[in-house]
Amino acid sequence: MAVQEGMLLGMGNPLLDISATVKPELLTKHNLKSNDAILTEDEAIFNDLTGGYSVDYIAGGATQNSIRVAQWVLGVKNATSYFGCVGKDDYSKTLEAKAKEAGVNVQYQLSDKHPTGRCAVLITGQDRSLVTKLDAANHFTVSHLEDAKNWKVVEASKAVYSAGFFLTVSVESMLKVGKYCAANNKTYCLNLSAPFLIQFFKDQMMSVMPFADIVFGNETE
């Protein structure tokens with residue numbers, strides 16, 4: 001298949017990754033493990049990270065990362081598109097600039113009530129600890145898809161991909177797009193993403209699963 005603009009659409013939880021190589025003492029201070037991934041509601045780790053280290057900003061989140069890699073592989077600008085919810089703040093401006101710099105056509109939903117989600121990426125040697133504050137990423141709604149301009153992005157796609165993490169945010173959006181793909185001979189892809197999703201969000205996952213043409217998972221999942 002020839003590469004076309006908009007052929008791959010990702011829907012997920014956009015996060016601004018704030019990455020730095022840090023001293024082990026920073027992990028100890030915040031009771032973090034060197035190869036772990038957790039959620040937080042606390043600002044302290046982000047304040048310590050940006051206040052004490054030279055950081056890199058990366059357009060992150062599981063689905064957006066996959067879409068950035070696919071964009072790099074496909075090579076044609078805007079071959080990929082991406083939906084997710086961000087805040088109206090400087091973090092989202094940085095996030096959008098980094099994603100567009102990578103060639104991804106991001107069409108974020110903007111939240112007035114919640115700041116942009118962030119992930120502290122704490123590198124120690126060969127290990128990394130991920131601390132995520134979801135914020136706006138947790139508030140994507142199906143109304144964003146129902147905007148005619150955004151639905152055209154869905155219609156233009158040949159394949160749609162979501163990480164399982166999006167099941168905790170907007171199953172309704174996943175079902176709407178999954179059913180559309182099934183009815184219009186498009187490929188819908190779902191990543192299991194983490195064992196806890198299958199344990200605690202089984203009903204949500206199994207409601208989407210019938211519409212998935214390709215399911216990604218590892219041995220643990």
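Colleague: Which residues are exposed on the other side of H3?
Modeller: Please bear in mind that the model is predicted. Val69, Trp72 and Val73 are the exposed residues on that side of H3.

Colleague: And which residues of H3 are buried?
Modeller: Thr63, Gln64, Ile67, Ala70 and Gln71 are buried. Viewed down the axis of H3, these buried residues lie within an arc of 120°, so they line one face of the helix.

Colleague: How many residues does H3 have, and how far does it reach?
Modeller: Helix H3 covers residues 62-74, which makes 13 residues. From its first C-alpha to its last it reaches 19 Å, close to the expected 18 Å.

Colleague: What follows H3?
Modeller: Gly75 follows H3, and the phi of Gly75 is positive, near 85°.

Colleague: Let us turn to the strands. Are the residues of E1 buried or exposed?
Modeller: Strand E1, residues 8-11, is covered on both faces. Leu8 and Gly10 are buried on one side, and Leu9 and Met11 are buried on the other.

Colleague: Why do the residues divide between two sides like that?
Modeller: In a regular strand, side chains alternate between the two faces of the sheet.

Colleague: In which sense do E1 and E5 pair?
Modeller: E1 pairs with strand E5, residues 80-83, in the parallel sense over 4 bridges. Within this pairing, Met11 stands opposite Phe83 of E5.

Colleague: And how many bridges are there between E1 and E11?
Modeller: There are 3 bridges between E1 and strand E11, residues 159-163, and the pairing is parallel. Here Gly10 stands opposite Tyr161 of E11.

Key
Residues numbered from 1 in each chain as written. Predicted model: local features only at pLDDT ≥ 70, side-chain atom pairs only at ≥ 80, totals over all residues. Heavy atoms only, no water. Helix = DSSP H or I, 4+ residues; strand = E, 2+ residues; numbered from the N terminus. Expected span 1.5 Å × (residues − 1). Buried < 20%, exposed > 50% of the residue type's maximum accessible area, 1.4 Å probe, protein only. Arc of directions from axis to C-beta. Pairing = 2+ DSSP bridges.
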